[in-house]
Amino acid sequence: MRLACGVGPLLLAMSAAQAQNQIANGDFSMGATGFSTDYHLKSSGAVYAQDACVAANTNICHILALSFGDHTTGTGLMLCLNGAANPSAAVWEQTIPVTPFTDHAFSGWVMSWGNTNGFDPNPALLRLEINGALAGPDFAADPQNGLWTEWTAFWNSGTASFATIRITDLETHAYGNDFSIDDLSLVSGVPPQGALGGSVNGLVPRVGKVLCKNQTTHQEVRITVPAGATAWDCVSAGLVVHTGDQVRILVTFAGTAE
Ligand SMILES: [Ca+2]
Ligand SMILES: [Ca+2]
């Protein structure tokens, strides 16, 4: 299959006002407020599954944990969780007003601290849902203790004027499955983070319209789809996108869409 694929100029960056984090207390600097959770919030001693603390250090929350600070400053607060046996228990949930029909980028930071020789034997597998629908693939915490990794997802508000953002942990083992989250953000009108991955595929032709499923960028890309094509892979077509790029995909049918 031959595809014409050109990358256009980057769109202008959005204003700072539009890039404001819409999640309240996403860095937990205000303590255990502004969010709800199905975990049992404690100030320390979170030794049972489904216990949690907003704490400045993992070993304040759990005495057997190694000592790790938060993501924001290293000395601030974070939400530390001893993973629940119930995969539908809300780790963290917040409802915020959003602008309809607007692209949003979610970001959060995750760190394991369930310690077996510095690694969590059953690291958290986090799910993000917005208004009851999956928002991006599930995110696996890195098993290495103390290593913060960024979790990103893309969401368009559609007709919604509110977003109920819900995080759950699909890992249900009690052994290990201890983790912290910090610096949660939802930003509108800016490109989602991250580069295109191998999961980007699946051309869905409709009459006069093509969706490149799981597309996570906003850079302008011009694509000509040959007549008779029923599938197309963004990555194998040579599309390379970097963190912070904005991409818009414009697709032209060489043939008739069916
Ligand atoms: Ca923090
Ligand atoms: Ca645990």
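Strands 3 and 4 run antiparallel and are joined by 5 bridges. One of the facing pairs is V54 with its bridge partner L79 in strand 4.

A word on the model itself: it is predicted, so local features need pLDDT of at least 70 and side-chain atom pairs count only at pLDDT 80 or more, while totals for chains, interfaces and linings use all residues. Residues are numbered from 1 along each chain as its sequence is written, and chains are lettered from A and ligands numbered from 1 in the order in which they are written.

Stepping back, the chain contains 1 helix and 16 strands. Of its 258 residues, 36% count as buried; a residue is buried if 20 or more other C-beta atoms lie within 10 Å of its own, exposed if 12 or fewer, and partly exposed in between, with C-beta atoms placed from the backbone. Contacts are pairs of residues whose C-beta atoms, again placed from the backbone, lie within 7 Å. Among the contacts in the chain with a separation of 6 or more, 76% come from residues 24 or more positions apart.

Back to the sheet: 6 strands make it up, in the order 2-3-4-12-6-10, and it is open with mixed pairing. Its edges are strand 2 (40-42) and strand 10 (149-156), each of which pairs on one side only. From one strand to the next, the twist averages 30°, taken between axes that are lines fitted to C-alpha atoms (for helices, over the stretch in contact), with angles running from 0 to 180 degrees between N-to-C directions.

Q50 is partly exposed because 19 other C-beta atoms lie within 10 Å.

Strand 4 (residues 78-82) is mostly covered, with 5 of its 5 residues buried. M78, C80 and N82 point one way from the strand while L79 and L81 point the other way, and all are buried. Strand 4 is also joined to strand 12 by 4 bridges, and those two run antiparallel. On that side L79 stands opposite I181 in strand 12.

N177 lies in the loop between strand 11 (162-169) and strand 12 (178-188), and its phi is about 55° although it is not a glycine. N177 counts as buried because it has 24 C-beta neighbours inside 10 Å.

One more loop residue deserves a look. H62 is found between helix 1 (58-61) and strand 4, and it counts as buried because 25 C-beta neighbours fall inside 10 Å. Neighbours within four places in sequence aside, H62 is in contact with A46, V47, N82 and D178. The C-alpha atoms of H62 and W113 are separated by 9.5 Å, with the two residues 51 apart along the chain.

Note on methods: Two strands pair if DSSP finds at least two bridges between them. Two residues are in contact if their C-beta atoms, placed from the backbone, lie within 7 Å.
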